[in-house]
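Trainee: I am new to this structure. Please take me through one part of it closely, step by step.

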Amino acid sequence: MFRRWLLGFLVLGVAGVLGFMAFAWRPAMAPIETPAPNAFAPELVAKGKVLAEAGNCASCHTAEGQPRFAGGHVFHTPFGILHSTNITPDPETGIGRWSETAFARAMREGVARDGSHLFPAFPFDHFTKLTDADIKALYAYLMTLAPASARRMPNDLLFPFDIRALQAAWKALYLDQGAFRPNPARSEEWNRGAYLVEGLTHCGACHTPRNVLGAEQTGHPYAGSLVDGWVPPALDLSASPARWTKEELVTFLRGGTTVRGRAVGSMGPVIKALAALPDSDIQAIAAYFIDFNRPLNPTPEDATVKALRAAAGKGVPMTVWKREPRRFRGEQLYVTACGSCHDNGGSTPVATRSELALSTALWQRSPHNFINIVLDGVGSPDDAPGPMMPPFRNALSDRDIAEIADYLRRTRVGEPLWPFFGQAVQTMRSQPRSWPVLR
Ligand code: HEC
Ligand code: HEC
Ligand code: HEC
C-alpha cells in the first residue's frame with residue numbers, strides 16, 4: 001500500500017516538474033546578422049534616442065566608468081545581487097544578433113533571445129505597455145550604438161530566486177502583458193500621461209509598494225515604497241501639507257526647486273532622464289498624477305502652509321529649553337548646521353532655501369529620506385554650480401542627527417521623533433547601495 005502511494009507521489013511529482021518545464025519553456029529565436037547602422041531611417045533612430053533617454057535605459061545598463069549601455073550595473077536587491085546586461089549591438093556580448101522580434105519579446109514578455117526568462121528588475125512589466133512603433137524605434141536606436149564588448153557578470157541571487165524558469169510562474173501571476181489601452185473617457189493629455197507613466201518612464205517601479213515576491217501591488221498604485229534605502233513617497237496622497245499643483249509638479253519634474261525642495265536620491269536620475277521629453281509630455285505626466293493626488297490635510301492648503309511657516313520661523317522659548325534640554329541642543333545644532341541654508345525666517349519661501357516644514361522627507365512615516373539627505377547631502381543638478389547641501393556623515397554623530405530630527409519633527413510636523421531612529425541611522429550609514437547617493 002505504502003509503496004503504491006509513494007510511487008503515485010513520485011509519478012505526480014515528475015509529471016508536475018515536466019508540466020512546469022513545458023509551461024515555462026520559450027523557444028530561442030534565430031540569431032541574425034547584425035544590421036548595419038544605416039539600415040535604419042534617421043528619424044526613427046532620433047525618436048528611439050528620446051525614448052531610450054526618457055526610459056532611463058542607460059541608468060540601469062551602464063556601470064560606473066564603463067561605456068554607456070554596456071551593462072554591468074550592480075543591483076542590490078532583496079533577493080541578492082543582480083547585474084544588468086550589455087544592450088549595445090555587440091554580436092558576441094551584446095544584442096547584436098537579436099532580431100527586432102526577439103527584442104520586442106524581451107520588452108513585452110521579459111524573455112531573452114535564447115528563450116530564458118528575464119528577472120523583473122528589468123521593468124518589462126511596464127515596457128510591455130509600449131506601442132509597437134515605440135519598440136521599433138528603441139530597437140533602431142540601440143542597433144546604431146557603438147558596439148561595446150562587455151560580458152555579462154555572474155549574478156549572486158539566493159536560491160530559488162536564481163532559477164530563471166520560475167519567472168514563468170511569476171509572470172503568470174503578475175504580468176499584465178500587452179500594449180497600453182487608452183481610456184476613451186479621459187482627455188488626450190491624460191492618456192498620453194498615463195501611457196508614459198505606466199509604460200516607458202515606469203514611475204510605479206519605484207513608487208508602488210511591492211509584495212514579498214517583488215511584484216507591484218496593483219491594488220495600491222503609487223502608495224509609496226522602499227527602494228535602495230530610499231522611500232519613493234506616495235504620489236496618491238501627499239505626505240507634506242502642501243498639495244501638489246500641476247505647475248509645481250511640472251517644475252519638480254523639470255528639475256527645478258519647489259517650495260518643498262527638489263528631487264534627490266534615486267529621483268535625481270529620473271529627472272535627468274525626463275529631460276529628453278518635450279514640455280507637452282511633462283505636462284501630460286503631471287496631469288495624470290494630479291488627478292489622484294489628495295492632500296494629507298483637509299484644511300485649506302494656504303492656511304496650513306502659512307501656519308507652518310510662521311511656527312517654523314519662531315525659536316523655542318526659554319522655558320521649554322529648561323524643561324527639555326534635548327530639544328534645546330537639537331535647535332542649537334539645527335541653527336548652526338542647517339539654519340544658514342534652510343531658515344526662511346517665516347517670510348515668503350525662497351525656493352533655494354527649501355522650507356523644511358513642507359518637506360516630504362520630514363513628514364513621511366519613515367525617516368529614510370531624511371537620514372539619507374543628512375548623511376550624504378544633495379548635489380546640485382548636473383553638478384553645475386548652484387545651491388547644494390554638504391554631506392554631514394562625518395560631521396554629525398548619530399546622536400546629533402537624532403537631536404536635530406527630534407527638534408524638526410516636533411516644531412515643524414508636531415509629531416515626536418520617528419521610532420527606532422537611532423537604529424535606522426546606524427543601518428543606513430553602512431547599507432550597500434545600487435546607486436551612489438550624492439548626485
Ligand atoms: C530599473 C533598471 C532597468 C531599466 C530602467 C532598464 N533595464 Fe533593461 N535590464 C535590466 C536588468 C537588471 C536586466 C537583466 C535581467 C536579467 O538578467 O534577467 C535587463 C535586461 C534587458 C534586456 C535583455 C538583454 C539580454 O541580454 O538578455 C534588454 C533587451 C533590455 N534590458 C532593454 C532595456 C531597454 C531598451 C531599456 C529602456 C527602455 C531598459 N532595458 C531599461 C534593468 C533595467
Ligand atoms: C549649504 C547649504 C545647506 C546646509 C548647511 C544644509 N542644507 Fe539641507 N538642503 C540644501 C539644499 C540646496 C537642498 C536641496 C534643494 C532643496 O531641497 O531645496 C537641501 C535639501 C534638504 C532636505 C530635503 C528637502 C526636500 O524635501 O527636498 C532636507 C530634509 C534637508 N536639506 C535637511 C537639512 C538638515 C537637517 C541640515 C543640517 C544638518 C541641512 N539640511 C543643512 C542646502 C543645505
Ligand atoms: C528609481 C526610482 C524612482 C523612479 C523610477 C521614479 N521615482 Fe519619483 N521618487 C523617487 C524617490 C527615492 C523619491 C524621494 C526623493 C525626492 O523627494 O526627490 C521620489 C520623489 C518623487 C516626487 C516627490 C514626492 C513628494 O511628495 O515629495 C515626485 C512628485 C515623484 N517622485 C514623481 C515621479 C514620477 C512622475 C516618476 C515617473 C516619471 C517617478 N517619480 C519615478 C524614486 C523614483
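Trainee: Which residue has a polar backbone atom 2.8 Å from an oxygen atom of ligand 3? Please build up the surroundings of that ligand from there.

Mentor: Keep in mind that this is a predicted model. The residue you ask about is Val-264. One of its polar backbone atoms lies 2.8 Å from an oxygen atom of ligand 3. Now look at the side chains. Thr-360 places a polar side-chain atom 2.6 Å from an oxygen atom of ligand 3. His-207 faces a nitrogen atom of the ligand instead: an N or O atom in the His-207 side chain is 2.8 Å from that nitrogen.

Now set ligand 1 beside it. Here 24 residues stand around the ligand. Cys-57, Cys-60, His-61, Phe-119 and Arg-164 come nearest. Start with the backbone again. Phe-119 has a backbone N or O atom 2.8 Å from an oxygen atom of ligand 1. Then turn to two arginines. In the side chain of Arg-164, an N or O atom is 2.7 Å from an oxygen atom of ligand 1. For Arg-152, the corresponding side-chain distance to a ligand oxygen is 3.4 Å. As for the helices, helix H3 (57-61) and helix H4 (100-109) are the elements that give two or more residues to this shell. H3 gives the most, with 3 residues. Ligand 1 takes up the space of the second largest pocket.

Finish with a helix, H19, which spans residues 421-430. Its buried residues include Phe-421, Ala-424, Val-425 and Met-428. Seen down the axis of H19, the buried residues fall within an arc of 100°, so they line one face of the helix. The spacing has a simple basis. An α-helix has 3.6 residues a turn, so residues three or four places apart point the same way. The face away from the buried side carries Gln-423, Gln-426 and Ser-430, which are exposed. Helix H17 (368-376) and helix H18 (398-413) are among what covers the buried residues of H19.

Terms used. Residues are numbered from 1 along each chain as its sequence is written. Chains are lettered from A and ligands numbered from 1 in the order in which they are written. This is a predicted model: local features need pLDDT of at least 70, side-chain atom pairs count only at pLDDT 80 or more; totals for chains, interfaces and linings use all residues. Side-chain values use heavy atoms; hydrogens and water are left out. Buried means under 20% relative accessible area, exposed over 50%, partly exposed in between (1.4 Å probe, protein chains only). Helices (H or I, at least four residues) and strands (E, at least two) are DSSP runs, numbered from the N terminus. The arc is that of the directions from the helix axis to the C-beta atoms. Contact means heavy atoms within 4.5 Å. A residue is near a molecule or strand if one of its heavy atoms lies within 4 Å of it. A polar contact is a pair of N or O atoms within 3.5 Å; within protein, one must be able to donate a hydrogen and the other to accept it, and residues adjacent in sequence count only if both atoms are side-chain atoms. On a 1 Å grid over the protein atoms alone, a cavity is a set of points where a 1.4 Å probe fits but cannot get out, and a pocket is an open set with protein on both sides within 12 Å along at least five of seven lines; lining residues have an atom within 4 Å of a point. A molecule sits in a cavity or pocket if more than half of its atoms lie within 2 Å of its grid points.
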